Protein chains: 2
Amino acid sequence: MKFGLFGSAQAKRGGSPDVDSAKGYRDWLEFNIEAEALGYHSAFAVEHHFTGFGQVSATINLLTFLAAETSTLRLGTAVMVLPWHNPVLLAEQAATLDLLSGGRLDFGVGKGYRYNEFDGFNIPMEEAGDRFEESLDVLTRAWTTDEPWSHQGKYWSFNNIIVEPPTIQKPHPPFWMGAGSPNSIEGVAERGYNLLLDQFAPINVTLERMQTFRTSVESRGRKFDANEVGVARGLYVARDAADRDEAIQRRISARNRIDNLAQRPDGANKASIMSYDDTTETALEASLFGTVEEIVEKVSKLSDGGVKYILLSDGGSGIEGLRQFSKEVMPVFSTDEKAEAAE
Amino acid sequence: MKFGLFGSAQAKRGGSPDVDSAKGYRDWLEFNIEAEALGYHSAFAVEHHFTGFGQVSATINLLTFLAAETSTLRLGTAVMVLPWHNPVLLAEQAATLDLLSGGRLDFGVGKGYRYNEFDGFNIPMEEAGDRFEESLDVLTRAWTTDEPWSHQGKYWSFNNIIVEPPTIQKPHPPFWMGAGSPNSIEGVAERGYNLLLDQFAPINVTLERMQTFRTSVESRGRKFDANEVGVARGLYVARDAADRDEAIQRRISARNRIDNLAQRPDGANKASIMSYDDTTETALEASLFGTVEEIVEKVSKLSDGGVKYILLSDGGSGIEGLRQFSKEVMPVFSTDEKAEAAE
């Protein structure tokens, strides 16, 4: 099994002049630099705007800095929200990161789901789907076309352009896309993209989704590769049950805060990521919050279900949790790989 | 006197599969990393699109990577062309660079002047001025406002946003702006920005412009500081006169190629940067192309005219030229500073 990281740095504006606003970014960088040394495979960073609590907004920039300070870590976006971006500028920025990092970009993309972001950018949520499709067309063409080309679309037009620099990965960095409903998962398979599964779904739901994806890929005559499915999970390496239970309550509160930002005034936001109940039981079952033994048990369930790539989101145990996980959990699952390799 | 660098990396797309498209970027990075060690003050990078010969498009990304590999070098854009960018995304990207670099961003801005870029982005050249103004308003507000705010403009609208992360430099990274005509220079003084003077104007024209700026600043009751004027100059450290003359011919050809891209189909592009004649004499007079002795003489003329900050654009003598310049030209002018400091 492979383990990557998924999360956000934080740099809040305002507050007292004593607050070191750069610290959150530096901490995140150091966290990921050490993660590379500990054997983690990737760092996926979010893109969010206007929260007022300092989530990462310029994701590709932050990953570009991280690229300079690492050498093997895959650098992922999870996800770039395409409706906010001029697709040609985005293609240039992503290509620059891919080039500078020696081809380490994993390009996760999404339509967006938070009301406050659509409102902030003054883009109707109803346009998200069409903007997403048009942007993917432009991005793909920008990365794969060496001769001047033009595009006349619903939202964007470009005339006689050549998009530079070229990407290192050919034909372009892999696309990753989040999905929850069977229809959406089918859509990801149809595009030939890799799949991101969210961190809030209970294990059985996650495994069903993975199975849906496998069937969709295979029904198109392609070989299914479990490395092309990243399963996000919250991680908290707890000292004991009490420590774990306190951490899970903090996780539930944080999720409610985000859901409030995401919700539309009419309550009609039905994104699958917002559909899970917020009971302690579900939150515990769906996350890797627990003692080392409990975590091993949950990872085993995922592994037994065919999951090969887990993206860990730090739930508060920080770099110490990553160290412990790499020392005490990873080896349990790397044996599998050795066994498989020996087959 | 201070010496910085001004230029572009190159990563051309297409060509044979053997071409290492990343080499141009890596060379540029190594060039600037060594420049920092040699005592250069800054690296300003251009932003250009769709040339087909690989100029830098995602300028802030490239500077972000350079930020991670340097520690004192100022990181400049020369210039970000505001009409291409969503001003809020740009504010986030620039703030992220400022934050990650510890406050080293010099934010050069421009309206754009190349026809092929306006056409490529499908933006009428006639809108450049209004888009530029609106973007500056949004950028400044984004960087200086801690509470949610909204903007309803001609080209952009934003509702209840807080732009994060915060910049390190307060109230925001310094704006730099290119100008040539007396009116434009007056405008830069009016805004309170720093001034960039182009690399093609003959020395006497450059000094006149600087004088115009000085008068404009002082007439507004502010103190003039020559460190706030960056004078761009092409540099080629030549072995001898023949070597110099070959280099200047290459420079003239390269400039013609750019002017062709910039020109409108009707020939009506009257940007001041395109107004100089392309005789060998003018090109030689306006550049620091020559033997060390000749270069010292030209820098002296600028220095005598009050110039304190020169931005060197590599004309082909490469890192060896920078080494020679730092060893044989810089010391001649650093004495001045020591003398001044002792006064």
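P165(A) is located in the loop that links β6 to β7 (175–178) of chain A. In this predicted model, the peptide bond leading from E164(A) into P165(A) is cis, with omega near 0°. A further cis bond, again with omega near 0°, joins K170(B) to P171(B). P171(B) is found in the loop between β6 (157–161) and β7 (175–178) of chain B. In general, most peptide bonds are trans, and most residues other than glycine have a negative phi.

Positive phi values occur at two further positions considered here. N160(A), which is not a glycine, has a phi near 50° and belongs to strand β6 of chain A. Because 13 C-beta neighbours lie inside 10 Å, N160(A) is classed as partly exposed. F50(B), also not a glycine, has a positive phi of about 65°. This residue occupies the loop between β2 (42–45) and α2 (59–68) of chain B. F50(B) counts as buried because 23 other C-beta atoms lie within 10 Å, the threshold for burial being 20 or more.

The fold of chain A comprises 11 helices and 11 strands. Its C-alpha trace extends about 60 × 60 × 40 Å along the principal axes. For 343 residues, a compact globule would have a radius of gyration near 20 Å, and the 20 Å of chain A agrees with this. Buried residues account for 48% of the 343 residues of chain A. Of the contacts in chain A between residues at least 6 apart in sequence, 75% connect residues at least 24 apart.

Helix α5 (residues 128–144) of chain A contains 17 residues and should span 24 Å at 1.5 Å a residue; the end C-alpha atoms are 24 Å apart, in agreement. The buried residues of α5(A) are R131(A), S135(A), V138(A), L139(A), A142(A) and W143(A). These residues lie on the same side of α5(A), because they cover an arc of only 120° around the axis. An α-helix has 3.6 residues a turn, so residues three or four places apart point the same way. The cover over the buried residues of α5(A) includes α3 and β5 (149–152) of chain A.

The contact between the chains draws 45 residues from chain A and 45 residues from chain B. On the side of chain A that touches chain B, two or more residues each come from α2 (59–68), α3 (87–100), α4 (115–120) and β6 (157–161) of chain A. That side divides into 22 nonpolar, 16 polar and 7 charged residues.

Conventions
Residues numbered from 1 in each chain as written. Chains lettered and ligands numbered in written order. Predicted model: local features only at pLDDT ≥ 70, side-chain atom pairs only at ≥ 80, totals over all residues. Helix = DSSP H or I, 4+ residues; strand = E, 2+ residues; numbered from the N terminus. Rg over C-alpha atoms; globule rule 2.2 N^0.38 Å. Buried ≥ 20, exposed ≤ 12 C-beta atoms within 10 Å, placed from the backbone. Contact = placed C-beta atoms within 7 Å. Nonpolar A, V, L, I, M, F, W, Y, C, P; charged D, E, K, R; others polar. Expected span 1.5 Å × (residues − 1). Arc of directions from axis to C-beta.
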